[in-house]
Amino acid sequence: MASTRENGLGRIEISESVIAIIAGTAASECYGLVGMASRNVQDGISEFLGWENLERGVQVYLHEGAVEIELHIVVEYGVKISEVAHNVMEQVKYAVENSCGLEVLKVNVHVEGVRVRRENKRKR
């Protein structure tokens with residue numbers, strides 16, 4: 001299903017996967033986010049995806065001229081999770097509304113895990 005708009009020049013269709021990529025890219029720019037997580041519904045297991053496949057951690061639900069977005073993320077250890085989630089919500093809402101011209105009804109953030117970043121160890 002795609003979001004469709006018509007004007008005097010023709011029709012514009014924006015697919016759910018395009019909206020998901022825009023949302024995933026916007027989320028990846030937020031401080032404290034380590035990667036996206038794919039939720040395996042059958043097992044209830046979260047799989048860490050990193051940044052290779054941004055749209056797999058995003059679900060998009062289209063409504064009449066509006067969109068609802070769910071993100072499954074992994075945050076960095078030591079950051080304030082509520083602040084990271086709030087920043088992701090704001091960044092994704094701004095990016096989707098400005099890129100697609102769609103109203104964003106909700107941005108739901110599911111924190112699926114916390115990950116410690118590995119620092120480069122010095123050789124002795």
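Q: What pLDDT does the chain average?
A: This is a predicted model, in which local features need pLDDT of at least 70, side-chain atom pairs count only at pLDDT 80 or more, and totals for chains, interfaces and linings use all residues. Residues are numbered from 1 along each chain as its sequence is written, and side-chain values use heavy atoms, leaving out hydrogens and water. pLDDT is the predictor's confidence in each residue, from 0 to 100. Here 80% of the residues score at least 70, and the chain averages 84.

Q: In which strand is confidence lowest?
A: Helices (H or I, at least four residues) and strands (E, at least two) are DSSP runs, numbered from the N terminus. Confidence is highest in helix α2 (residues 81–100), at 95. At the other end, with a mean of 53 over residues 45–50, comes strand β4.

Q: Is L33 buried or exposed?
A: Let's start with its place: L33 lies in strand β3 (residues 33–40). Buried means under 20% relative accessible area, exposed over 50% and partly exposed in between (1.4 Å probe, protein chains only). Because L33 has a relative accessible area of 2%, L33 is buried.

Q: How far apart in space are L33 and V75, C-alpha to C-alpha?
A: In sequence, L33 and V75 are 42 residues apart. In space, their C-alpha atoms are separated by 4.5 Å.

Q: What distance does helix α1 reach from its first C-alpha to its last?
A: Helix α1 (residues 16–28) has 13 residues. The expected span of a helix is 1.5 Å times one less than its number of residues. For α1 the expected value is 18 Å, and the helix comes close to it, reaching 18 Å.
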